[in-house]
Amino acid sequence: MDEVDRATARLLATAESLDGDPATPSLLPGWTRGHLLTHVARNADGLVNLLTWARTGVPTPQYPSWEQREADIAAGAGRPWSVLLADVRESAERFAKAAEALSAEQWGGHLELPRGPQAVARVPWRRLREVEVHHVDLAAGYTAADWPEAFAHRVLHEVARGLDGVNLTLRPDGVGHRLPVGSGGSPEVSGPAYALAAWLAGRSPGDDLTVEPPGPLPAVPDWI
């Protein structure tokens, strides 16, 4: 949670330094900065629902429906910049309070989510991932190179594990071991962990990566 707090503070500092036009495009196709910040806020509230479920035992889905999620983002995207910033800040505070309310036993539980059981203790990671990746998507000078090193390595392993139909080998700089994707093998793609993660996550074209044998980077499916 401390990492989540620090990441949120960095995101808000970047957003506060901008010209305040919610209609400015983000790096996500079809989404403005207003869409992006609204999504980050509603994500916090959705994860509060999961923590409430963990605390009370009453099933509380992250979102009422995917359609409602999309409608809420669209409805909030055009709000004044100061309102958007306050929404991100206040929703983050609600998430922090919901986390503080859980006992150790509740953190050790599992939630029966649509994609299968998930550990409650994974919720803070989901929030950290959301804040760090969408900070890059804000298109305001914060890039994957600014990610904390531990975050870059963890998100790299997560994205690599989740790729379907891709077989290659990753070699993060300075680690000393290879990371197989799928069945592994050729090609081998090398570079800093943050650069590998950003490429696999669709946040970078991978121009700073090395491919052996030499050639173009292989195609990878969309991530979040």
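Q: Where does Ile 224 lie?
A: This is a predicted model. In it, Ile 224 lies in the segment after strand E6 (210-212).

Q: Which residues is Ile 224 in contact with, leaving aside its neighbours within four places in sequence?
A: Ile 224 is in contact with Arg 129, Ala 201 and Arg 203, once those neighbours are left aside. As for distance across the model, the C-alpha atoms of Ile 224 and Ala 86 are separated by 25 Å, and these residues are 138 residues apart along the chain.

Q: How do I read a pocket, and what volume does the largest pocket have?
A: Rolling a probe the size of a water molecule over the atoms shows where empty space is left. Here the largest pocket has a volume of about 1500 Å³. It is lined by 44 residues, and those closest to its centre are Trp 66, Arg 115, Arg 126, Arg 129 and Ile 224. Elements giving two or more residues to this lining include helix H2 (33-56), helix H3 (66-76), strand E2 (116-119) and helix H6 (123-137). Helix H7 (149-162) and helix H8 (193-200) are also among them.

Q: How do the residues of that lining divide by class?
A: The lining of the largest pocket has 22 nonpolar, nine polar and 13 charged residues.

Q: Which residues line the second largest pocket?
A: The second largest pocket, with a volume of about 160 Å³, is lined by Met 1, Glu 3, Val 4, Pro 124, Trp 125, Leu 128, Ala 150, Phe 151 and Arg 154. Two or more of its lining residues come from each of helix H1 (2-16), H6 and H7. By class, seven are nonpolar, two are charged and none is polar.

Q: What is the largest nonpolar core made of, and which members touch the most others?
A: In soluble globular proteins, nonpolar side chains tend to be buried together. The largest nonpolar core in this model has 61 residues, and Leu 51, Phe 95, Trp 147, Leu 156, Leu 170 and Leu 200 touch the most other members. H2 gives the most to this core, with eleven residues.

Q: Is Glu 188 buried or exposed?
A: Glu 188 is in strand E5 (residues 188-191). It counts as buried because its relative accessibility is 18%, and the cut-off for buried is under 20%. The side chains of Glu 188 and Arg 178 are joined by a polar contact of 2.6 Å. Beyond residues up to four places away in sequence, Glu 188 touches Thr 169, Arg 171, Arg 178, Thr 210, Val 211 and Glu 212.

Q: Which residues does a cis peptide bond join?
A: One joins Ser 186 and Pro 187, with omega about 0 degrees. Pro 187 lies in the loop between strand E4 (179-181) and E5. Another joins Glu 212 and Pro 213, with omega about -5 degrees, and Pro 213 is in the segment after E6.

Q: What is phi of Ala 139 near?
A: Phi of Ala 139 is near 60 degrees, a positive value in a residue other than glycine. Ala 139 is in the loop between H6 and H7. At 32% relative accessibility, Ala 139 counts as partly exposed.

Methods:
Residues are numbered from 1 along each chain as its sequence is written. This is a predicted model: local features need pLDDT of at least 70, side-chain atom pairs count only at pLDDT 80 or more; totals for chains, interfaces and linings use all residues. Side-chain values use heavy atoms; hydrogens and water are left out. Helices (H or I, at least four residues) and strands (E, at least two) are DSSP runs, numbered from the N terminus. Buried means under 20% relative accessible area, exposed over 50%, partly exposed in between (1.4 Å probe, protein chains only). A polar contact is a pair of N or O atoms within 3.5 Å; within protein, one must be able to donate a hydrogen and the other to accept it, and residues adjacent in sequence count only if both atoms are side-chain atoms. Contact means heavy atoms within 4.5 Å. On a 1 Å grid over the protein atoms alone, a cavity is a set of points where a 1.4 Å probe fits but cannot get out, and a pocket is an open set with protein on both sides within 12 Å along at least five of seven lines; lining residues have an atom within 4 Å of a point. Grid points are joined across faces, edges and corners, and a volume is the space filled by probe spheres set on the points. Ala, Val, Leu, Ile, Met, Phe, Trp, Tyr, Cys and Pro count as nonpolar, Asp, Glu, Lys and Arg as charged, and the others, Gly among them, as polar. A nonpolar core is a set of buried Ala, Val, Leu, Ile, Met, Phe, Trp, Tyr and Cys residues joined through side-chain atoms within 4.5 Å.
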